[in-house]
Each structure stands twice: as C-alpha cells, then as structure tokens.
Amino acid sequence: MRLAPLESLLNRNVAASSAARGLCQRLAEKVLAVHVDGTPLSVYFKSHGEHMTLHTDHEGTPDATLSGTPLSLMRLAGPAPEAALRGGAVHIEGDAEVAQTFSELLKAAQPDLEEELSRVVGNVARGALGFARRAHDTLLQNVAEYLQEEGRDVPNRTEAEEFLHGVDRLRDDVDRLEARLKLVESRNTQ
C-alpha cells in the first residue's frame with residue numbers, strides 16, 4: 001500500500017526547498033523505517049535522489065529504523081525531538097547518521113499547514129462552485145422546459161420563431177400597403 005497523498009505533499013515540499021533537495025540526494029537509495037509499537041504499522045521512507053516514496057512494506061532491511069509509541073513518534077515532529085530520543089521513548093536501530101539525515105530532510109520539507117489548508121479549502125470551494133453552476137444551469141433548463149412543454153405558458157423555440165417571422169411578414173406587408181396608398185394619393189392629387 002502506498003501513502004500517495006502524504007508522498008505527494010512530501011515531494012512537493014522537497015522540490016520547493018534547496019536544502020531538502022540536497023539532503024534527498026545525499027540519501028539516494030537509503031531507507032528509513034518508522035515502526036509504531038503495539039501495531040503492525042510501519043512506514044518506509046525511501047529516497048530516490050530527486051524524490052521520495054512512502055510504503056507500508058519493504059523488501060530487505062532498512063538502513064535505519066525508528067520505533068516508538070504513536071505519542072512518542074509524534075513528539076519527533078515537535079520543537080524538541082531530541083528529548084524523545086534521549087528519554088528512550090523512541091529507539092533507533094541501524095545507521096544513526098542516516099536517521100539523522102532523514103530527520104533533517106523531513107524538517108526541511110515540513111509542510112506549511114496554512115498553505116496546505118488553503119489548498120484543500122480552495123479545491124473544495126472550486127468543486128462547490130462548479131456544482132452550483134451545473135445545478136443552476138440544470139434548474140434553468142428544467143424550468144424552461146416545464147414552462148414550454150408542460151404548462152404551455154411560454155412558447156417553445158419553434159413557435160417563437162414562427163411568431164417573429166409572421167410579425168416580420170406583417171410589417172413588410174404594412175410597409176408595401178403604405179407605399180401603395182401614398183402612390184394612389186399622389187395620383188389623386190394630380
């Protein structure tokens with residue numbers, strides 16, 4: 001199973017930060033496992049030099065593994081992650097330097113929660129606006145169809161065009177009649 005939304009967010013932030021890109025390149029082909037104690041859940045962070053992938057399974061042995069309770073792992077994202085490590089709440093196995101570099105990478109690529117929230121709200125608003133437009137158009141079409149076909153309160157397009165064509169024809173006939181009357185009147189006055 002891939003963690004696509006989180007992976008996409010991480011890669012977007014890696015691409016936006018020169019420090020994160022440099023750390024990602026240093027970690028090329030390295031894997032960090034984060035295991036949540038008391039659960040079967042492990043997340044594997046793998047650097048491919050230019051981008052990261054996140055998986056819940058991994059073939060082989062990771063270069064470094066962090067394990068701890070959910071709360072202790074969340075403390076790693078806080079202002080003093082070293083306290084969780086020194087207190088023994090989080091355990092590191094494997095290459096500690098790789099774990100440290102991954103920590104620096106994740107810190108450099110940390111998302112701006114306000115920006116991400118605005119992106120989500122923007123997407124929701126665009127979707128709602130699109131839905132409202134489609135609903136409006138459908139409502140107008142349905143009301144027009146009802147008034148034309150069911151209630152017969154409004155003429156349909158064909159009937160309206162025939163009426164307008166008849167008005168045009170009548171106007172032309174009246175213009176011709178007026179011209180004839182002027183001609184007859186001019187003959188009578190002579």
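Asn13 is found in helix α1; helices here are DSSP runs of H or I with at least four residues, strands are runs of E with at least two, and both are numbered from the N terminus. The model is predicted: local features need pLDDT of at least 70, side-chain atom pairs count only at pLDDT 80 or more, and totals for chains, interfaces and linings use all residues. Residues are numbered from 1 along each chain as its sequence is written, and side-chain values use heavy atoms, without hydrogens and water.

**Exercise 1.** Describe how α1 and α2 are arranged.

*Solution.* Step 1: the axes of α1 (residues 4-16) and α2 (residues 18-26) come within 5 Å and cross at roughly 110 degrees. Axes are lines fitted to C-alpha atoms, for helices over the stretch in contact, with angles from 0 to 180 degrees between N-to-C directions. Step 2: α1 is therefore roughly perpendicular to α2 (65 to 115 degrees; under 35 is roughly parallel, over 145 roughly antiparallel, and the rest oblique). Step 3: Asn13, Val14, Ala15 and Ala16 of α1 meet Ser18, Ala20, Arg21 and Cys24 of α2, contact being heavy atoms within 4.5 Å.

**Exercise 2.** Which residues of α5 are buried, and how are they placed around its axis?

*Solution.* Step 1: the buried residues of α5 are Val98, Ala99, Thr101, Phe102 and Leu105. Step 2: down the axis of α5 these residues fall within an arc of 165 degrees, so they line one face of the helix; the arc is that of the directions from the helix axis to the C-beta atoms. Step 3: at the N-terminal end, Asp95 caps α5 through a side-chain oxygen 2.9 Å from the backbone nitrogen of Glu97.

**Exercise 3.** State where Glu29 lies and what its phi is.

*Solution.* Step 1: Glu29 lies in the loop between α2 and β1 (31-36). Step 2: its phi is positive, about 70 degrees, although Glu29 is not a glycine. Step 3: Glu29 is partly exposed, with a relative accessible area of 48%.

Key: Buried < 20%, exposed > 50% of the residue type's maximum accessible area, 1.4 Å probe, protein only. Polar contact = N/O pair within 3.5 Å; in protein donor to acceptor, adjacent residues only side chain to side chain.
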